[in-house]
Amino acid sequence: MDYQNNIKRIEEYVSSKLSVVDAGHDMSHINRVVINAKVIQQQEGGRLFVVVAGALLHDILDEKLFDPTEAEFELRDFLKSIYISLDEINLLVSLIKCISYGSEFDNNKDDLFLEAKIVSDADKLDAMGAIGIARTFHFGGYKNRKIYDIDVSPVRYSSTKEYRKSAAPTINHFYEKLLLLKDKMKTKTGKLLAEQRHLFMEKYLKQFFEEIQENPFDNFL
Ligand code: ADP
Ligand code: NI
């Protein structure tokens, strides 16, 4: 198998599919997830091709962005066309399907295989820290949401459906998702990297509430 060539073809495929979706899920997100995944793989091991291809493809079956049945059909066709084996195609598809955060409300994800754990951690890291903060306010602006509203408390979601329906102010998202991510990391290296980004978000929130002279969610976590 020609690793470099296959990775390049997969990159081109993902880039053509994601060019039509929002900037929170553009190629720069994918590239950062690939970088994070490689850093984690260097420490944790795992098959490099599965890690990198999985990171490149991780949003390609996302139900928020695509029709998942159609997207899976197309993806399998594409991977076959570049001579990826059926076993490896099945592995990649199962990796992509099991790493979305949303689906974690509904499934128990502790039994993932190593490469899936790595890509899952790499994706979560990109939702944290300075880049995570930027993506979150970008998303809130795109949806025309309020930055904050001290009268709307964060919610603990128990299902994906409920989580997706929320139109809460953007600052609530930190309490509803971002600050919970560090405890969902699945590899030792991922946990370590998440710790730094988590501390940075806490520092950011502390300053945020100091500036507005309110701290309504202090006791939420
Ligand atoms: P997932 O698929 O992991 O549930 P999304 O793909 O919906 O997450 O979110 C991608 C990024 O968009 C998040 O990391 C976050 O920065 C931002 N985002 C998602 N939902 C919200 C929200 N309700 N408020 C603000 N930002 C959000
Ligand atoms: Ni992603």
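Student: What does Tyr 163 do with ligand 1, in terms of polar side-chain atoms?
Tutor: This is a predicted model, and in it a polar atom of the Tyr 163 side chain sits 3.4 Å from an oxygen atom of ligand 1.

Student: And how far is the polar side-chain atom of Lys 177 from an oxygen atom of ligand 1?
Tutor: That distance is 3.0 Å. There's also Arg 145, where an N or O atom of the side chain is 3.4 Å from a nitrogen atom of the ligand.

Student: How much of the ligand's accessible area does the protein cover?
Tutor: On its own, ligand 1 has 550 Å² of accessible area, and the protein covers 90% of that. The space the ligand takes is the largest pocket.

Student: Okay, how many residues surround ligand 1, and which are the closest?
Tutor: There are 14 around it, and the closest are His 25, Lys 64, Thr 136, Phe 139 and Lys 177.

Student: How do the residues of that shell divide into nonpolar, polar and charged?
Tutor: You get 4 nonpolar, 5 polar and 5 charged.

Student: Which helix gives the most to the shell?
Tutor: That's α7, with 4 residues. Helix α7 covers 129–142, and α8, at 160–165, also supplies at least two residues of the shell.

Student: You listed Thr 136 among the closest. Where is it found?
Tutor: Thr 136 is in helix α7.

Student: Buried or exposed?
Tutor: Thr 136 has a relative accessible area of 8%, and the cut-off for buried is under 20%, so Thr 136 counts as buried.

Student: Which backbone oxygen lies 2.7 Å from a polar atom of its side chain?
Tutor: The one of Gly 132.

Student: Switching topic: which residues have a positive phi without being glycine?
Tutor: Asn 144 is one of them, with a phi of about 60°. Gln 213 is another, at about 55°.

Student: Now Leu 92. Which helix is it in, and is it buried or exposed?
Tutor: Leu 92 belongs to helix α5, residues 86–98. Its relative accessibility is 0%, so Leu 92 counts as buried.

Student: How far apart are Leu 92 and Gly 129, in sequence and in space?
Tutor: They're 37 residues apart in sequence, and their C-alpha atoms are 28 Å apart.

Student: Where is Lys 117, and what is its relative accessible area?
Tutor: Lys 117 is in helix α6, residues 114–125. Its relative accessible area is 22%, so Lys 117 is partly exposed. Buried would need under 20%, and exposed over 50%.

Notes. Residues numbered from 1 in each chain as written. Chains lettered and ligands numbered in written order. Predicted model: local features only at pLDDT ≥ 70, side-chain atom pairs only at ≥ 80, totals over all residues. Heavy atoms only, no water. Near = heavy atom within 4 Å. Polar contact = N/O pair within 3.5 Å; in protein donor to acceptor, adjacent residues only side chain to side chain. Areas by Shrake-Rupley, 256 points an atom, 1.4 Å probe, with all protein chains shown as cover. 1 Å grid on protein atoms, 1.4 Å probe; cavity = no way out; pocket = protein on both sides within 12 Å on 5 of 7 lines; lining within 4 Å. Sits in = over half its atoms within 2 Å of the grid points. Nonpolar A, V, L, I, M, F, W, Y, C, P; charged D, E, K, R; others polar. Buried < 20%, exposed > 50% of the residue type's maximum accessible area, 1.4 Å probe, protein only.
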